[in-house]
Amino acid sequence: MSSGLQELMAAEQRAAQIIQAARSERTEKMKQAQQEAQQVIEEYRSEKETALQKQATQNVSSSQGWQLRGAGFLHRLLVRICSACGHPQSDKSSSLNADALGWQQGGEGGDFEQLKSESEQQLQGLRSEFASNKDRAIDFLVKVVTDVDPQFPEDIRTM
């Protein structure tokens, strides 16, 4: 019996060695995969940074020189507020129309002084519209915030 027991112990030790070798091999493969993934990430990041820098230099060197970003969002917000307050402007005929204001990306040339004067004119127009619609916008916002209709969700009502 002792020879059977010795064979069993030897087989158990070989199995432990095989398991240990498989674990160390798996650990090495995981480290290698992680290094390869990190390398791919770094390559992707450098490509995107290069593309971003290229786009930034193109934007700075564009003929217009200035590109007002976020104007579309501001325009949509102002149109919503004006229409909610009952202002007769529509999105197409609005004096806040981004195309009419010249807020297009990569627009046609013009020197700095012309751009500055146009911006000042647009700013004055916005200020006058703001002054004329300020009270209605405030009333609208106060009404929306204070007019609360509390309702429980359907799944809570049935409990």
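The protein chain holds five helices and zero strands. Helices (H or I, at least four residues) and strands (E, at least two) are DSSP runs, numbered from the N terminus. From that end, the elements run α-α-α-α-α. The model is predicted: local features need pLDDT of at least 70, side-chain atom pairs count only at pLDDT 80 or more, and totals for chains, interfaces and linings use all residues. Residues are numbered from 1 along each chain as its sequence is written, and side-chain values use heavy atoms, with hydrogens and water left out.

The pLDDT, the predictor's confidence in each residue from 0 to 100, averages 76 over the protein chain. At least 70 is reached by 67% of the residues. Among the elements, α1 has the highest mean pLDDT, 90. Helix α3 (residues 98-101) has the lowest, 46. Over residues 63-69 the pLDDT is below 50. Beyond near neighbours in sequence, this stretch has 20 contacts in the model, a contact being heavy atoms within 4.5 Å. The pLDDT is also below 50 over residues 90-109. That stretch has 35 contacts beyond near neighbours in sequence.

Of the contacts with a separation of 6 or more, 65% join residues 24 or more positions apart. The accessible surface comes to about 13500 Å², by the Shrake-Rupley method with a 1.4 Å probe; for residues, only the protein chains shown count as cover. Carbon and sulfur atoms account for 57% of this surface. Of the 159 residues, 14% are buried. Buried means under 20% relative accessible area, exposed over 50%, and partly exposed in between (1.4 Å probe, protein chains only).

Two salt bridges are present in the structure. A salt bridge is a side-chain nitrogen of Lys or Arg within 4 Å of a carboxyl oxygen of Asp or Glu. Side chains of opposite charge can pair when their charged atoms come close. Lys-29 is exposed, because its relative accessibility is 51%. Glu-25 is partly exposed, at 47%.

Another bridge joins Arg-45 and Glu-42 at 3.0 Å, N to O. Helix α1 holds both residues, three apart, again about one turn of the helix. Arg-45 has a relative accessible area of 42% and is therefore partly exposed. Glu-42 is also partly exposed, at 37%.

Helix α4 spans residues 112-146 and bends by about 55° at Asn-133. The bend is the angle between axes fitted to the seven residues ending there and the seven starting there. Asn-133 is buried.

A nonpolar surface patch is formed by Phe-140, Leu-141, Val-144 and Val-145. Together they have about 360 Å² of accessible area. Patches are made of residues with over 30% relative accessible area and no salt bridge: like charges are joined within 9 Å, and nonpolar side chains (Val, Leu, Ile, Met, Phe, Trp, Tyr) within 5 Å. Phe-140 is found in helix α4. Its relative accessibility is 30%, so Phe-140 counts as partly exposed.
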